[in-house]
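What follows is a guided reading of one model, taken step by step from its helix pairs to its sheet. Please keep the sequence and the coordinates open beside the text.

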Amino acid sequence: DYVTFLGSNFVEQGRRAAEWLATATNGQARIVELSGTPGSSVAADRAKGFRDGIAKYPGMTIVASQTGNFTRAQGERVMQNLAQSLGAQITAVYAHNDEMALGAIQALKSAGRKPGQDVTVVSIDGQRAALEAILAGELGATVESNPRFGPLAFETIEKLRKGDSVPRKIILTDRLFDRGNAQQFLAEAY
């Protein structure tokens, strides 16, 4: 029913977030996972990739996993409740997108925690507000989910029109942003 698929590898995004977090925490973390919309393939894939990524680190455990439905407001509400019930037990947050991570950061600060110091936060998307949070020292890293594949889509259409073959899957290259490169890519972030 389709010629080719253009998109990101959501499992790989979750795995890359896990690898970054493992490095940042020396493989020792009690993690709150803020997941996306229940039943969505993006949420399922990002959860799978993250779990696969931390599986080789026995010191990394998910202490709570709740949906934030990919929104900042719900991510903040969920994190407020978890910060209240779990307190200092939380040493890391993995959010399936930047919006929930930004909400979680606000909730952690309201609870007297210091994101970037006593809680390491990692997310996925690579939006401008996330890069700004990295530069502020509150978000550790974000794995890009590149939304700019319009030119690639039209390039692929032109190849098809000319009769050229195209691969069945075209996976976009997603970067990882952290303190080492956030400033460099801030101006082009969406």
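**Helix pairs and the sheet**

H1 and H2 cross in a right-handed sense. This is a predicted model, and the description of this crossing, like those below, should be read with that in mind. The axes of H1 and helix H2, which covers residues 41–54, come within 6 Å and cross at roughly 40°. Angles under 35 degrees would count as roughly parallel and those from 65 to 115 as roughly perpendicular, so H1 and H2 are oblique to each other. On the H1 side the contact includes Phe10, Val11, Gly14, Ala17, Ala18 and Leu21, and among the residues they meet in H2 are Val42, Asp45, Arg46, Phe50 and Ile54. By class, the residues of the contact between H1 and H2 divide into eight nonpolar, four polar and five charged.

A second pair is formed by H3 and H4, which pack at an angle of about 40° with their axes 7 Å apart, and that angle makes H3 oblique to H4. H3 passes H4 in a right-handed crossing. From H3 the contact is made by Arg72, Gly75, Glu76, Met79 and Gln80, while H4 contributes residues including Glu99, Met100, Leu102, Gly103 and Ala107. The contact of H3 with H4 has six nonpolar, four polar and three charged residues.

Helix H4 (residues 98–110) also meets helix H5 (residues 128–135), where the two axes come within 9 Å and cross at roughly 40°, which makes H4 oblique to H5. The crossing of H4 and H5 is left-handed. Asp98, Leu102 and Ile105 of H4 make this contact with Ala129, Ala130 and Ala133 of H5, and these residues divide into five nonpolar, no polar and one charged.

We can now turn to the sheet. Six strands form an open sheet in the order S3-S2-S4-S5-S6-S8, with mixed pairing. Its edge strands are S3 (60–67) and S8 (176–178), each of which pairs on one side only. Neighbouring strands of this sheet are turned by 20° against each other on average, direction ignored. Strand S6, residues 141–144, runs antiparallel to S8 and is joined to S8 by three bridges; alanine 141 stands opposite aspartate 178 in S8.

Which strands does helix H1 touch as it packs on the sheet? Helix H1 (residues 10–24) touches S2 (29–35), S3, S4 (92–95), S5 (120–125), S6 and S8, and the direction of H1 makes about 160° with that of S5. Helix H3, residues 72–86, lies across S2, S3 and S4 and runs at about 130° to S3.

Within helix H3 sits glutamine 74. Leaving aside its neighbours within four places in sequence, glutamine 74 is in contact with Thr67, Gly68 and Asn69. Glutamine 74 and proline 115 are separated by 41 residues in sequence, and their C-alpha atoms are 18 Å apart in space.

Just after H6, glycine 163 takes a positive phi of about 90°.

Conventions. Residues numbered from 1 in each chain as written. Predicted model: local features only at pLDDT ≥ 70, side-chain atom pairs only at ≥ 80, totals over all residues. Heavy atoms only, no water. Pairing = 2+ DSSP bridges. Helix = DSSP H or I, 4+ residues; strand = E, 2+ residues; numbered from the N terminus. Axes fitted to C-alpha atoms, helices over the stretch in contact; angles between N-to-C directions. Contact = heavy atoms within 4.5 Å. Parallel < 35°, antiparallel > 145°, perpendicular 65-115°, else oblique. Left-handed = near helix turned anticlockwise from the far one by under 90°. Nonpolar A, V, L, I, M, F, W, Y, C, P; charged D, E, K, R; others polar.
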